[in-house]
Amino acid sequence: MQHDNAGLQQLLEKIARVAAGDYSNDIMALTTEATPEPIRSIAEAMGLMMVKVEAREFRLEQLVDELRELNERIKQNTLQTVAAMAQALEARDSYTRGHAERVAALAAEIAEEMGLDQERVELVRTAGVLHDIGKIGCSDRIFQDHGPKNPPDVVKEILSHPRVGAEILSRLEFLDQVTAVIVAHHERVDGKGYPHKLPFEQIPLEARIISVADGFDAMTTDRPYQKARTWEVALGILHSGAGAQWDGDCVAACAQVLARKQAAAV
Ligand SMILES: [Fe+2]
């Protein structure tokens, strides 16, 4: 009887360990012929149960991995769809063809130059591709040549595009950081930008970077209102606007990136 009690005690301890999530196989030590019945049968049943539980846990882990992968793929597909929308936008305006891609590439290089980590560099790149997506909500009039001064209704529409872009993307929860950058890409470090006239400290660094890349690309491509300027002239304008329209650190990083590109091209 004393012997049976010891065996029972051992069995209960092992069951308690299994219940706590320890699936080590030491319960099998009680399934040998040396263990009296019914302890041996209970230990065998426990052993079988553990095999089944372990198999189910393994399958669950696999399913979690598959779900994670699927979720990532859905995010990427959604992102590609939104990026395709942004590119379709450029088809409405021959002057801005390739603008979003160029801004994304230059902004990402500036972000790298400034030492941002890879995740933030990718955030800058994505926001660069999508920065003008709010123009989807604008009429074709904003793409037409209105001479040196745009009519007030056109100005109003142009000023609305960061906010409209943020509204479009706000439905995609996983893009909330991108949205925060896009809504601020026309803010100025002197607090005179739009749509919110944010002070310097409230403008995300990613938005300040995109503003520089956006300005540089706009100046160096032909537009209805201007002929493309040279890199040097555009960079001079960025430098003279540093501390007012643009963040001086971002302009300096942009200058470094461009200097490297020019040196590589020679
Ligand atoms: Fe814009």
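**Exercise 1. Work out how many helices and strands the chain has.**

Start with the rule: helices (H or I, at least four residues) and strands (E, at least two) are DSSP runs, numbered from the N terminus. With that rule, the chain has nine helices and zero strands. Reading along the sequence then gives the pattern α-α-α-α-α-α-α-α-α.

Two notes before going on. This is a predicted model, in which local features need pLDDT of at least 70, side-chain atom pairs count only at pLDDT 80 or more, and totals for chains, interfaces and linings use all residues. Residues are numbered from 1 along each chain as its sequence is written.

**Exercise 2. Compare the radius of gyration of the chain with that of a compact globule of 266 residues.**

The radius of gyration is taken over C-alpha atoms, and the globule rule is 2.2 Å times the number of residues to the power 0.38. For 266 residues, a compact globule would come out near 18 Å, but the chain has 31 Å. Next, look at the spans: along its principal axes the C-alpha trace covers about 105 × 40 × 35 Å.
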